[in-house]
Every structure is written in C-alpha cells, then in structure tokens.
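Please keep the sequence and the model in view while reading.

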Amino acid sequence: MGQSSHREFWKSLSVVQRESIATKAGTSAEYLRQVLVYDRQPSADLAKRLEEATGGSLTRVTLRPDLFADMQVAPQ
C-alpha cells in the first residue's frame with residue numbers, strides 16, 4: 001500500500017472507524033489523518049500499533065518502509 005492507497009484507506013473509513021482505530025493505536029484521529037493523508041511519518045512503535053489496530057489493513061512495512069522494508073509480511 002503506497003501513500004495514495006493510505007489516503008484511499010482514510011477516505012474509506014467512517015468517522016467512528018477513524019476514532020476507533022486511533023484509540024486502539026493510542027493516537028488521535030487527527031494525527032492518524034496526518035499520517036495517512038499528509039504523509040507524516042509515524043514512529044516505529046506507532047506503525048506497529050496501527051498495523052495491529054487495523055488488523056493488517058495498514059502495515060508497518062508500508063507506513064515505514066525505511067525501517068521495516070526487509071520484513072516479510074505474513075500472508076493473511
């Protein structure tokens with residue numbers, strides 16, 4: 001999932017879903033929007049938490065390829 005896909009993922013979510021993911025990941029919906037829409041780099045820890053909060057719809061590899069590019073993503 002590239003940046004444009006992150007933006008599409010954000011647009012596909014309802015306000016309630018955005019809030020839920022942000023809460024599960026320990027961040028705000030506004031910061032989540034900055035990461036997904038405006039290409040703000042999340043910390044490595046937040047990238048991992050977002051992967052968990054979205055059940056793998058977002059992955060740490062696509063959120064932070066500079067840190068996790070060598071990771072193998074398990075098939076779902």
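Which residues in helix 2 meet which residues in helix 4? I21, K24 and A25 in helix 2 meet L46, R49, L50 and A53 in helix 4, where contact means heavy atoms within 4.5 Å. By class, this contact of helix 2 with helix 4 has 5 nonpolar, no polar and 2 charged residues. Here Ala, Val, Leu, Ile, Met, Phe, Trp, Tyr, Cys and Pro count as nonpolar, Asp, Glu, Lys and Arg as charged, and the others, Gly among them, as polar.

This is a predicted model: local features need pLDDT of at least 70, side-chain atom pairs count only at pLDDT 80 or more, and totals for chains, interfaces and linings use all residues. Residues are numbered from 1 along each chain as its sequence is written, and side-chain values use heavy atoms, with hydrogens and water left out.

Two packed helices are described by the angle between their axes and the distance between the axes. For helix 2 (residues 15–25) and helix 4 (residues 44–53), the axes come within 8 Å and cross at roughly 130°. The axes are lines fitted to C-alpha atoms, for helices over the stretch in contact, and angles run from 0 to 180 degrees between N-to-C directions. Helix 2 and helix 4 are therefore oblique to each other; angles under 35 degrees count as roughly parallel, over 145 as roughly antiparallel, 65 to 115 as roughly perpendicular and the rest as oblique.

Helix 3 (residues 29–37) has A29, L32, V35, L36 and V37 as buried residues. Buried means under 20% relative accessible area, exposed over 50%, and partly exposed in between (1.4 Å probe, protein chains only). Viewed down the axis of helix 3, its buried residues fall within an arc of 165°, so they line one face of the helix. That arc is taken from the directions from the helix axis to the C-beta atoms.

The loop between helix 3 and helix 4 holds D39. Most residues other than glycine have a negative phi, whereas phi of D39 is positive, near 60°. D39 is exposed, with a relative accessible area of 51%.

R60 lies in helix 5 (residues 60–63) and counts as buried at 17% relative accessibility. Leaving aside neighbours within four places in sequence, R60 is in contact with A47, K48, E51, P65, F68 and M71.

Over the whole chain there are 6 helices and 0 strands; helices (H or I, at least four residues) and strands (E, at least two) are DSSP runs, numbered from the N terminus. Buried residues make up 36% of the 76 residues in the chain.
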